[in-house]
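Welcome! Take a moment to look over the model below, and then let us walk around its ligand together.

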Amino acid sequence: MSTDDTTTEASSSSTETEAETETESTCGASTETESSSSCGASTDSGGTASSCGASTDDEEEEEVGATVDDFEGEPGRLLAVGLGPGEPEGMTARASAALADAEHIVGYTTYIDLLPDEITDDADDIYSTPMCGEVSRTEEAIDRALAGNDVAIVGSGDPNVYALAGLALEILQSKGGTASAVDFEVVPGVPAAQSCGARLGAPLVNDTVSVSLSDHLTPMDDIESRLHAVAPEGFTVAIYNPWSRKRRENFQRCCEILLEHRDPDTPVGVVHGAGRDDEKTRITDLGTLPELGESDIVDMTTTIVVGNEETYVWDGRMVTPRGYETKYDY
Ligand SMILES: C[S@@+](CC[C@H](N)C(=O)[O-])C[C@H]1O[C@@H](n2cnc3c(N)ncnc32)[C@H](O)[C@@H]1O
C-alpha cells in the first residue's frame, strides 16, 4: 500500500484569530471578561459571583456560585449549540435558527467571532470570554437562563464532542436545577472529524474512534493507554487536540504508539482549520507524521485522521473500504 503526500491550501488570505492555536495557558488560568454580565438575576451569593452568579475573579472562577434558589421567576431556555467547523454555511439550519431565537449568546471569543453578523447583531447580549474559563462561561450561560433569558452557549463542531454539553448538565445539577426546568437541549453540529474526513475523501467509512491528546482534563498516562488500546484494532483513529507548544511531547508520544502497532505506510490525513480562512489539508503516511509536529499544519485547530490497515490513497483521496468489496463484484 502506498500513499501520496499531497497538500492543499485554502486560497483566501488568512486572518488567523484561532485561539485554539494558543492553548498555551494552563486552563483555569486568567480569563478576561469581555462583556459584563447582565442577566438581571436576583443573586446574593457572596462576592465571587457576577450578577448572574458567574465568577469574575480569576482565582475563583472555577467555583460554582449561585444556586437555583437565588433566582426568582420563570427560567428561560438553555441550548448548547454546535457551530460546525467554522464557516456559516457549515452550520445546520437548526443551529442557525436556534441562534437567531436566542436572546443571549455565550461562548469562547473565537467561536463568537465565527458567527455571522446578523446573528450577533440581533441578540440582546453577547457574552464572550477568551480561551479557558469553560466552567465560568458555562455557569454564566446557566445563570442567565435561570434568570429568565433564552440562552445559547456555542462551541465549534458538536456540543457532545470534547465540548460543553456535559459540563452544562453537571453544573446545572450542582446548582440544584433540572434540565427540564430550563428546557435544556443540545443542537448538534458537524464534528471536526466529519468535516475533516470530508476534506480528505472517505476515510471514516468503517469503525472509527476519537482520541484527544489534551492532557488538561485527562492524564497523559490514560491517553497513552487509550492509544495502545485502539491502535492495533483496525479502527480509523481521529486525533483531536493534537499539538500545542506545551504539548509537543503528547503528539510525539502518540506517533510513537501508533507506529508501534501500525505500518509506517498507513495513510494519514491532516486537516488544519477546516472551514476557516487558513484551511490546509495534507495526505501523508504514519511514518512522516512525527515530522509534522513542528510544521504549521499541526496545531490546536488540526484534526488528524489515521487510516486503518485497509485504508488507501487513490487520486488524492483517502479511502477506507466499508467491506462491500467482500460481497459484491465491482
Ligand atoms: C475542544 S475540541 C472541540 C471539538 C468540537 N466540539 C467538535 O465537535 O469538533 C477542539 C479540537 O477540535 C478540532 N477542531 C475544531 N475545529 C476544527 C477545524 N475547523 N478544523 C480541524 N480541526 C478542528 C481540533 O482537533 C481541536 O483541537
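In what follows, Ala, Val, Leu, Ile, Met, Phe, Trp, Tyr, Cys and Pro count as nonpolar, Asp, Glu, Lys and Arg as charged, and the others, Gly among them, as polar. By that sorting, the shell around the ligand holds 12 nonpolar, seven polar and three charged residues.

The model is predicted: local features need pLDDT of at least 70 and side-chain atom pairs pLDDT 80 or more, while totals for chains, interfaces and linings use all residues. Residues are numbered from 1 along each chain as its sequence is written, and side-chain values use heavy atoms, with hydrogens and water left out.

Where does the ligand lie? Domain 1 (78–190) and domain 2 (192–321) both give residues to its shell, so the ligand lies between them; the domain bounds come from an automatic or database domain assignment. Of the 22 residues around the ligand (a heavy atom within 4 Å), Asp158, Val161, Ala192, Met300 and Thr302 come nearest.

| Residue | Atom of the residue | Distance |
|---|---|---|
| Ser156 | polar backbone atom | 2.9 Å |
| Arg276 | polar side-chain atom | 3.4 Å |
| Thr301 | backbone N or O atom | 3.5 Å |

The protein covers 93% of the 570 Å² of accessible area that the ligand has on its own (Shrake-Rupley method, 1.4 Å probe).

Now for charged pairs. Side chains of opposite charge can pair when their charged atoms come close. The structure holds 13 salt bridges, each a side-chain nitrogen of Lys or Arg within 4 Å of a carboxyl oxygen of Asp or Glu. One of them joins Lys175 to Glu139, with the closest N and O atoms 2.7 Å apart.

Key:
A polar contact is a pair of N or O atoms within 3.5 Å; within protein, one must be able to donate a hydrogen and the other to accept it, and residues adjacent in sequence count only if both atoms are side-chain atoms.
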